[in-house]
Amino acid sequence: MIDVKELNPIVVNCPPSGIRKFFDLARAVEGVISLGVGEPDFPTPWDIREEAIVAIEKAKTFYTPNQGLPELRDEICNYVKRRFDLEYTRENVLVTVGGSEAIDIIFRTLLCDGDEVIVLTPGYVAYEPCIKLARGIPVCVELKEENNFRLMKEDLEKAITPKTKAILMNFPGNPTGGIMRKEDYAEIIPLIKQHGLYVVSDEIYAELTYEGTHTSIAAFDEIKDHVLVINGFSKAYSMTGWRLGYILADKELIALLNKVHQYAIMCAPTISQYAAIAALRRCDEEVVQMKQSFEQRRNFLVNSLNKIGLETHFPEGAFYVFPCIKSTGLTSDEFCERLLKEYKVAVVPGSAFGKEGEGYIRISYAYSIEQIKVAVERIGLFLESLKENN
Ligand SMILES: Cc1ncc(COP(=O)(O)O)c(C=O)c1O
């Protein structure tokens with residue numbers, strides 16, 4: 001018999017992800033259509049898969065250097081220069097097990113007991129637990145729909161205290177689809193510089209920016225030495241199961257991060273690293289095609305939701321819409337549970353992304369137009385039924 005009271009209270013008290021909890025419920029419902037998961041539905045482009053096969057055939061199956069294959073780190077530098085005009089060299093790159101490992105080791109490296117980290121909410125489910133597990137204190141700043149889910153200077157300013165060590169941002173954002181443009185960042189950069197904050201910028205959805213091009217906060221030279229960019233292959237290259245991501249940062253920071261990575265992980269999966277070189281060298285076209293397809297689905301979904309009376313703002317990035325359901329009088333949990341039980345559609349309650357997400361639902365459009373169509377029809381019937389019963 002295990003006595004959890006004698007175990008790490010941060011782990012014991014950490015709630016399981018609200019997304020997972022919901023999908024365990026959904027799995028039990030027959031005929032369910034899920035628009036819940038944030039995972040591209042395309043097969044990984046063939047060139048990438050082929051390169052992995054070649055790596056296996058040639059027995060390139062041993063550990064790589066802890067920091068990642070030098071050729072891959074060079075290709076990552078070429079890629080971020082080509083796509084986002086960022087100047088980095090291989091010493092600035094650490095190859096990780098997805099963006100997920102990056103989030104974990106960054107906070108374990110940056111934080112001392114009781115340091116505060118500003119987190120933008122609603123936000124990705126792993127952020128707050130990872131900060132707490134690293135003995136930091138998340139301080140939430142709400143992203144508001146009226147500001148297109150961008151971070152506003154006044155809101156940031158109010159949250160900064162003498163204990164603030166870092167700010168964690170995610171643009172394009174999960175679950176809101178919000179983006180920050182150059183001029184939006186320009187507003188907050190002086191504040192970040194003045195307080196000497198580290199910026200952890202999760203740019204995993206950078207390639208999925210529909211209006212204009214992605215701006216990385218690392219493009220601002222005045223704070224670049226304090227910026228840690230997280231990116232990866234899961235979303236842009238449809239490589240979720242390959243478990244590959246990376247951190248770009250000052251080389252002294254990378255050396256520290258590499259110590260945590262080395263003792264926890266050793267190195268990211270070798271076969272995936274070889275495959276990722278092919279992704280960066282040969283798959284620009286596929287990335288564009290997948291993005292165009294997501295864009296069509298976004299347009300279709302937003303227009304369809306607006307037609308059935310669920311007012312939905314146009315997200316500018318990632319592959320999620322985040323409509324407000326407050327007019328139904330239901331909480332986001334009630335809305336999603338009833339939609340699932342009565343109309344067999346699974347979406348995620350906004351509250352899974354922090355209490356600021358209450359009153360919203362997250363719908364992923366990483367699904368086929370056919371699936372989206374059926375799901376929206378069912379959501380429409382659900383909304384009708386709510387009106388009739390009022
Ligand atoms: C905002 C954000 N960051 C990081 C991740 C982690 O992705 P991965 O570990 O597959 O790179 C996800 C996955 O959904 C995400 O939405």
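How do α5 and α9 lie to each other, roughly parallel or roughly perpendicular?

A: A quick note before we dig in: this is a predicted model, where local features need pLDDT of at least 70 and side-chain atom pairs count only at pLDDT 80 or more, while totals for chains, interfaces and linings use all residues. Residues are numbered from 1 along each chain as its sequence is written, and side-chain values use heavy atoms, with hydrogens and water left out.

Now to your pair. Two packed helices are described by the angle between their axes and the distance between the axes. The axes of α5 and helix α9 (residues 251-264) come within 9 Å and cross at roughly 115 degrees. Here, axes are lines fitted to C-alpha atoms, for helices over the stretch in contact, and angles run from 0 to 180 degrees between N-to-C directions. The helices are DSSP runs (H or I, at least four residues), as are strands (E, at least two), both numbered from the N terminus.

So α5 and α9 are roughly perpendicular to each other. The labels work like this: under 35 degrees is roughly parallel, over 145 roughly antiparallel, 65 to 115 roughly perpendicular, and the rest oblique.

Who touches whom? From α5, Glu101, Ile105, Ile106, Arg108, Thr109 and Leu110 meet Leu253, Leu256, Leu257, Val260, His261 and Ala264 of α9. Contact means heavy atoms within 4.5 Å. Sorted by class, this α5 and α9 contact has eight nonpolar, two polar and two charged residues. Ala, Val, Leu, Ile, Met, Phe, Trp, Tyr, Cys and Pro count as nonpolar, Asp, Glu, Lys and Arg as charged, and the others, Gly among them, as polar.

An open sheet of seven strands runs in the order β2-β8-β7-β6-β5-β3-β4, with mixed pairing. Two strands pair if DSSP finds at least two bridges between them. At the edges sit β2 (93-96) and β4 (137-142), each pairing on one side only. On average, neighbouring strands of this sheet are turned by 20 degrees against each other, direction ignored.

For contrast, here's another helix pair. Helix α4 (residues 70-84) and helix α10 (residues 270-282) pack at an angle of about 30 degrees, with their axes 9 Å apart. That makes α4 roughly parallel to α10, and α4 passes α10 in a left-handed crossing. Glu71, Leu72, Glu75, Ile76, Tyr79 and Arg82 in α4 meet Gln273, Ala276, Ile277, Leu280 and Arg281 in α10. Those contact residues split into six nonpolar, one polar and four charged.

Finally, let's zoom out. The protein is divided into domain 1 (4-43 + 285-388) and domain 2 (46-283), with bounds that come from an automatic or database domain assignment. Taken over C-alpha atoms, 25 Å separate the centres of domain 1 and domain 2. The contact between them takes 36 residues from domain 1 and 36 residues from domain 2.

Technical notes
Left-handed = near helix turned anticlockwise from the far one by under 90°.
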